[in-house]
Amino acid sequence: MNQLILLLILRRIGSGILTLFIVSALVFIITSMLPGDAAQQLLGQAATPETVAALREQLGLNLPIWQRYFEWLGGMLHGDFGKSFANGLPVAKMVAQRIPATFELAGITTLVSVPLAVIIGITAAMKRDSLIDRMLVVGTMSVVAVPEFLVATVSVMVFAVHLHWFPAMSLGSTNQNFLGYLQAYALPVFTLCCVLVAQMARMTRSAIINQLDSSYLEMTLLKGVRPLRAVLRHALPNAVGPIANAISLSLSYLFGGVIIIETIFSYPGLASQMVDAVSNRDLPIVQLCVMLFSGCYLLLLLLADIATIAFNPKLKQ
């Protein structure tokens, strides 16, 4: 790795850290401006103004917003994420109980979507301008145009309500047998994979076609190498950069789509906990959950930038 590549990567990391600090300020300000009073929400409508004022002072809600932000940010940097407004438990402990479920769902979706998207993209590129290619292109564009909440709703209506193949609610890995495990994750993973596979397949197809149009691959085919072997041995390794970039950008969508999917399927993950916390005005949980999702999103974008830089042949010269 030469100095130019290292410098560009360090710049991307620095800009990512700066962006995360800006996001933290926006997250704190927006969550603090949520309609309704957190103290009033916790005590109920029958609470007296004196009781509400005392609770606001206890929770620190009477302080200026800039002071609350810097105290919250300082606590975050030292590993102190505060306590829940609702029950007084440490926020870190409550959120940590939900993180494995969300990452399990994201991991299964990644294991299914990435190989499937690469296979579809390579197939469409090798069959360029054929009927198969047109069908795959139209199919992926159609799937991208459909919102994931509509895919989830239709999936529940068809596969859960009418056919009774899968449960309408997914409780994660509580099922001990393998069949129950597959049934629990089938609909959430299918819904998330629809858009992910479509996006990654289109970008993979474009990356492989760029390599197929290159002179070195034409020479390889003229030497008698079979097309599939030429694509797998020569085109695919040279297209790793754009494909890795496409995968990282597509997977960054995953942390936004999972919020809707966990809510629809009542999945016990981090996103559903965040939605419940918004309803209860439990601001510390909302802020930590949003920061975790934002951090994962920025990390995937950073990996996409690093992949683009690292595999750029012009920077290696």
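A crossing of two helices is called right-handed if the near helix is turned clockwise from the far one by less than a right angle, and left-handed if the turn is anticlockwise. In this predicted model, the crossing of helices α6 and α9 is right-handed.

**The packing of α6 and α9**

- Helix α6, which covers residues 99-126, packs against helix α9, which covers residues 178-212, at an angle of about 35 degrees, and the two axes are 5 Å apart.
- The contact of α6 with α9 is made up of 24 nonpolar residues, together with four polar and two charged ones.

**The largest pocket**

- The largest pocket of the model has a volume of about 520 Å³, and of the 22 residues that line this pocket, those closest to its centre are Leu59, Trp72, Gly82, Phe85 and Pro284.
- Two or more lining residues come from each of the helices α1 (3-32), α3 (49-59), α4 (65-77) and α14 (283-310), and the largest share, which amounts to four residues, is that of α4.
- Sorted by class, the lining of the largest pocket holds ten nonpolar residues, eight polar residues and four charged residues.

**The second largest pocket**

- The second largest pocket has a volume of about 200 Å³, and at least two residues of its lining are supplied by each of α6, α7 (131-145) and α9.
- Helix α9 gives the largest share of this lining, namely six residues.
- The residues that line the second largest pocket include Val112, Leu116 and Ile120, as well as Gly139, Thr140 and Val143; also among them are Val189, Phe190, Cys193, Cys194, Val197 and Ala198.
- By class, the lining of the second largest pocket consists of ten nonpolar and two polar residues, with no charged residue.

**Pro115 in α6**

- Pro115 lies in helix α6, the helix that packs with α9 at an angle of about 35 degrees.
- Because the relative accessible area of Pro115 is 41%, which falls between the limit of under 20% for buried and the limit of over 50% for exposed, Pro115 counts as partly exposed.
- Pro115 and Val161 are separated by 46 residues in sequence, and their C-alpha atoms are 30 Å apart in space.

Key
Residues are numbered from 1 along each chain as its sequence is written. This is a predicted model: local features need pLDDT of at least 70, side-chain atom pairs count only at pLDDT 80 or more; totals for chains, interfaces and linings use all residues. Side-chain values use heavy atoms; hydrogens and water are left out. Axes are lines fitted to C-alpha atoms, for helices over the stretch in contact, and angles run from 0 to 180 degrees between N-to-C directions. Ala, Val, Leu, Ile, Met, Phe, Trp, Tyr, Cys and Pro count as nonpolar, Asp, Glu, Lys and Arg as charged, and the others, Gly among them, as polar. On a 1 Å grid over the protein atoms alone, a cavity is a set of points where a 1.4 Å probe fits but cannot get out, and a pocket is an open set with protein on both sides within 12 Å along at least five of seven lines; lining residues have an atom within 4 Å of a point. Grid points are joined across faces, edges and corners, and a volume is the space filled by probe spheres set on the points. Buried means under 20% relative accessible area, exposed over 50%, partly exposed in between (1.4 Å probe, protein chains only).
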